[in-house]
Amino acid sequence: MDVVTGSFGYIGKYITLHLLDLGREVRTITTHPTKPNPFGARVQAFPYSFEDPASLIQTLTGATTLYNTYWIRFAYGGLTYEQALKNTHTLFECARQAGVGKIVHISVTQASINSNLPYYSGKGFQEKMLAETGIPHAIVRPTLVFGKEDILVNNIAWMIRRFPLFPIFGSGDYRVQPIFVEDLAQIAVAQANGTNGSIVDAIGPETFTFKEFLQLITTSLGRTTKLIHMPSPVGIAFGKILGMFLRDVVLTENELRGLMQEMLTSTQMPNGLTRFTDWLEQNKDTVGASYSSEIARHFNWSTS
Ligand SMILES: NC(=O)c1ccc[n+]([C@@H]2O[C@H](COP(=O)([O-])OP(=O)(O)OC[C@H]3O[C@@H](n4cnc5c(N)ncnc54)[C@H](OP(=O)(O)O)[C@@H]3O)[C@@H](O)[C@H]2O)c1
């Protein structure tokens with residue numbers, strides 16, 4: 001039996017699917033145990049219950065591998081990065097006490113406790129905590145992850161479909177190396193039998209500048225949306241106004257800084273096979289057809 005956090009979310013869902021395909025029994029730990037379960041009886045759902053470690057230990061007992069996706073994009077609804085780190089610590093400690101055989105942890109490219117971006121430094125602290133538990137583990141660090149339930153690429157496409165203009169923040173010359181979510185799931189599951197302490201980046205086969213990435217999406221969708229350069233503070237202000245209408249956080253300043261600092265790139269050789277260009281061609285009729293709200297997904301899921 002394996003435990004996956006967030007099987008009803010994005011990356012956790014694909015790790016779960018891959019494990020089920022391999023004939024594994026899967027339990028999930030989730031914020032939304034009552035959310036409609038796409039896996040039916042094949043996956044049992046349990047709450048994170050950070051306040052009740054005994055019940056978390058019980059959920060984790062008997063797990064060969066814990067696949068951990070737990071993290072937050074931004075502080076919201078009283079949940080800060082600090083609290084998310086404390087929760088991560090509780091999760092790892094409960095896994096240790098439950099005798100979990102291995103933790104495969106989903107991090108992010110260039111995670112570092114020294115990063116000036118709290119998302120990336122938090123991921124760095126998560127990795128450090130994991131190493132300190134003494135549990136055999138592996139760390140998988142994806143770049144930007146694309147797939148059906150993705151939020152960022154979907155919402156870029158949504159805006160390109162609807163608006164006559166779309167901002168290129170700054171020069172647009174910074175790069176991204178998107179990885180397909182199913183390739184990432186495969187890489188993550190392969191780590192269950194890999195070397196203890198390994199750190200593997202998960203990188204797609206194509207590299208784009210952000211400007212090229214936007215141009216590709218615009219052309220694939222058959223739109224004539226004008227891509228206009230604008231200073232990043234203007235782009236952030238634009239995102240905030242849009243977020244007010246959509247009741248969502250569209251893009252945070254830190255995410256934009258991360259993008260512009262090329263945090264979603266790697267110096268390792270690509271290990272994902274699926275090309276974003278091909279995926280986009282196959283999904284051009286559906287990508288961005290409706291808006292995906294991070295807030296609705298996590299805090300008001302009945303409307304997501
Ligand atoms: N998507 C990307 O492009 C990308 C790129 C690099 C790294 N990552 C990393 O991959 C992991 C999974 O991310 P994902 O894209 O699959 O997103 P996701 O579906 O939102 O998964 C986030 C995970 O954190 C849990 N969580 C609990 N409270 C949350 C909250 N308030 N807000 C958000 N999540 C909360 C989720 O559980 P529930 O679903 O049960 O709430 C889920 O296990 C994260 O650690 C993320 O840092 C993602």
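Reader: In this predicted model, in which sense do strand E4 and strand E5 pair?

Author: In the predicted model, strand E4 covers residues 65-68, and four bridges join E4 to E5. Within this pairing, Leu 66 stands opposite Ile 103 of E5. The sense in which E4 and E5 pair is parallel.

Reader: Which residue of strand E6 is the bridge partner of His 105?

Author: Strand E6, residues 137-142, pairs with E5 in the parallel sense, again over four bridges. E5 and E6 also belong to a right-handed β-α-β unit, in which the helix is H4, residues 118-133. In E6, the bridge partner of His 105 is Ile 139.

Reader: Is strand E5 largely enclosed by the rest of the structure or largely open, and which residues lie on each of its faces?

Author: Five of the five residues of E5, which spans residues 102-106, are buried, and E5 is therefore largely enclosed by the rest of the structure. Both faces of the strand are covered, with Ile 103 and His 105 on one side, and on the other Lys 102, Val 104 and Ile 106.

Reader: Which residues come nearest to the ligand?

Author: The shell around the ligand is made up of twelve nonpolar and nine polar residues, with no charged residue. There are 21 residues around the ligand, and those that come nearest are Gly 6, Gly 9, Tyr 10, Thr 30 and Trp 71.

Reader: What separates the centres of domain 1 and domain 2, and which elements give two or more residues to the side of domain 1 that touches domain 2?

Author: The domain assignment gives domain 1 as 2-146 + 178-202 and domain 2 as 152-176 + 206-299. Taken over C-alpha atoms, the centres of the two domains are separated by 25 Å. The contact takes 22 residues from domain 1 and 23 residues from domain 2. On the side of domain 1 that touches domain 2, the elements giving two or more residues are H4, strand E10 (179-180), helix H6 (181-190) and strand E11 (198-202).

Reader: What covers the buried residues of helix H5?

Author: Helix H5, residues 152-162, is mostly covered, since eight of its eleven residues are buried. These buried residues include Leu 152, Val 153, Ile 156 and Met 159. What covers them includes strand E7 (145-146), strand E8 (165-169) and helix H7 (210-220).

Reader: Is Met 260 buried or partly exposed, and with which residues is Met 260 in contact?

Author: Met 260 has its place in helix H9, residues 253-260. With 16 other C-beta atoms within 10 Å, Met 260 is partly exposed. Met 260 and Ser 232 are 28 residues apart in sequence, and their C-alpha atoms are 9.4 Å apart in space. Leaving aside neighbours within four places in sequence, Met 260 is in contact with Phe 169, Gly 170, Tyr 174 and Ser 232.

Methods: Residues are numbered from 1 along each chain as its sequence is written. This is a predicted model: local features need pLDDT of at least 70, side-chain atom pairs count only at pLDDT 80 or more; totals for chains, interfaces and linings use all residues. A residue is near a molecule or strand if its C-beta atom, placed from the backbone, lies within 6 Å of it. Ala, Val, Leu, Ile, Met, Phe, Trp, Tyr, Cys and Pro count as nonpolar, Asp, Glu, Lys and Arg as charged, and the others, Gly among them, as polar. A residue is buried if 20 or more other C-beta atoms lie within 10 Å of its own, exposed if 12 or fewer, and partly exposed in between; C-beta atoms are placed from the backbone. Two strands pair if DSSP finds at least two bridges between them. A crossover is right-handed if, with the strands pointing away from the viewer, the path from the first strand over the helix to the second runs clockwise. Domain bounds come from an automatic or database domain assignment. Two residues are in contact if their C-beta atoms, placed from the backbone, lie within 7 Å.
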